[in-house]
Amino acid sequence: MTELASATTAPAAKTTWWRDDASEPVRRNLGLTGVLVVLVVIGLSTAPNTFLTGGNISNILTQASAIGVITIGMTFVIIGGGIDLSVGSLTALAAVWCTTLSTQSFGAGGMVFTAVVVGTVAGAVNGVLIAYGRMVPFIATLAMMVGAQGLAEKISNKQTQVVNVGSINRLAANDILGIPVLVLIFAVVTAACWVLLNRTTFGRRTVAVGGNAEAARLAGINVRRQTVLLYALSGLCCGIAAIMVVAQSNAGSSGQGVLYELDAIAAAIIGGTSLTGGRGTVIGSLLGVLVFTTITNLFILNNLPTEVQNIVKGAIIVGAVLVQQFQPRELFRRR
């Protein structure tokens with residue numbers, strides 16, 4: 001009887017921090033950092049004269065900037081329990097709308113304002129359809145993807161709209177202290193969203209809604225309003241990315257943003273954002289974007305076909321999802 005009582009009252013074995021649930025994002029981020037190191041080694045081996053040059057590193061970061069901003073917005077939506085298939089079309093719509101002749105007549109400020117407003121409003125429409133129209137996020141954003149693409153083609157008449165505003169055209173070429181302006185924009189958005197997710201009530205509500213929407217509602221969180229705000233934030237990121245894309249191409253076109261939604265979702269997933277909601281990190285998504293962009297750069301430097309690149313990306317996505325399904329921490333607990 002004494003032995004039974006002592007066994008019942010014995011404290012549970014303590015779990016070391018490294019095996020605790022809280023360390024899972026750190027382990028994943030370290031793993032992604034290791035992947036980047038491996039990619040650097042591969043780059044040095046296959047393209048030693050070009051890969052690690054300042055120009056190529058700057059090119060990788062610049063190419064990651066626009067899709068990176070979209071990925072950050074996508075990360076919030078997925079953490080909140082949703083999905084946004086319309087980000088590519090919203091980027092194209094904002095790019096086309098801000099490059100019309102009438103908008104360009106207002107200068108750079110008018111173009112930036114238009115792109116941001118168009119993206120944010122379209123994103124908010126997604127949120128309203130999902131939160132108040134009770135539509136499944138997949139269907140609502142799929143409808144927006146098709147509609148926004150059609151509207152972009154209608155506005156531009158399927159023509160490329162050349163930008164004549166010098167400050168926008170020079171944006172992609174300018175740098176501050178040797179760092180491209182587009183990279184700095186990406187860094188500012190990433191830092192701001194990290195603070196928003198990790199240090200504000202908005203971030204805590206996002207995680208709560210994605211983890212268990214009903215429990216969040218019972219705790220006093222306005223789930224519908226939070227959902228609208230999350231999709232508006234995603235649209236805002238699309239508007240910012242549209243200006244970045246326009247600056248890189250010096251033009252607006254309905255063809256811009258094609259398949260951005262797949263790249264953004266994939267980068268967020270391999271960065272550790274759970275498709276079921278309630279878990280994810282901005283830093284993980286940042287590393288996911290860098291992994292994908294570096295892989296693309298390696299393929300270009302080695303003149304490898306695009307189809308092989310897509311196969312590799314697909315394999316990475318499958319691997320990331322399998323890792324989510326079979327969490328390493330479960331293996332640790334069994335030991």
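Tutor: Gladly! Let's begin with contact, which means heavy atoms within 4.5 Å. This is a predicted model, so local features need pLDDT of at least 70 and side-chain atom pairs count only at pLDDT 80 or more, while totals for chains, interfaces and linings use all residues. Residues are numbered from 1 along each chain as its sequence is written, and side-chain values use heavy atoms, with hydrogens and water left out.

Student: Which residues is Arg 204 in contact with, leaving aside its neighbours within four places in sequence?

Tutor: They are Leu 197 and Arg 199. Arg 204 itself belongs to helix α10, residues 201-211. Here a helix is a DSSP run of H or I with at least four residues, a strand is a run of E with at least two, and both are numbered from the N terminus. In space, the C-alpha of Arg 204 is 9.7 Å from that of Gly 278, although 74 residues separate the two in sequence.

Student: Why does Arg 204 count as exposed?

Tutor: Set its value against the cut-offs: buried means under 20% relative accessible area, exposed means over 50%, and partly exposed is in between (1.4 Å probe, protein chains only). Arg 204 has 52% relative accessibility, so it counts as exposed.

Student: And what makes Thr 75 buried?

Tutor: Its relative accessible area is 0%, so Thr 75 falls in the buried class. You will find Thr 75 in helix α3, residues 54-79. Not counting residues up to four places away in sequence, Thr 75 touches Ala 268, Thr 273, Thr 281 and Ser 285.

Student: Why does Val 183 count as buried?

Tutor: Its relative accessibility is 11%, which is under the cut-off, so Val 183 is buried. Val 183 sits in helix α9, residues 181-198. Beyond four places in sequence, Val 183 has contacts with Leu 61, Thr 62 and Ser 65. Over the whole chain of 335 residues, 47% count as buried.

Student: What makes a nonpolar patch on the surface, and which residues form it?

Tutor: Patches use residues with over 30% relative accessible area and no salt bridge; nonpolar side chains (Val, Leu, Ile, Met, Phe, Trp, Tyr) are joined within 5 Å, like charges within 9 Å. The nonpolar patch here includes Phe 113, Val 117, Val 125 and Ile 139, and its residues together have about 760 Å² of accessible area, found by the Shrake-Rupley method with a 1.4 Å probe, where only the protein chains shown count as cover for residues. Take Val 125, in helix α6: its 35% is over 30%, so it passes the accessibility cut-off. Helix α6 gives the most to the patch, with 5 residues.

Student: Where do α4 and α6 meet?

Tutor: Among the residues that meet are Leu 90, Leu 93 and Trp 97 in α4, and Met 111, Val 118 and Asn 126 in α6. The two axes come within 8 Å and cross at roughly 145°; axes are lines fitted to C-alpha atoms, for helices over the stretch in contact, and angles run from 0 to 180 degrees between N-to-C directions.

Student: What is the phi of Asn 250?

Tutor: Asn 250 has a positive phi of about 55°, although it is not a glycine. Most residues other than glycine have a negative phi. Asn 250 lies in the loop between α12 and β4, and at 31% it is partly exposed. Asn 303 also has a positive phi, near 55°. That residue lies in the loop between α14 and α15, and its 70% relative accessibility makes it exposed.

Notes
A salt bridge is a side-chain nitrogen of Lys or Arg within 4 Å of a carboxyl oxygen of Asp or Glu.
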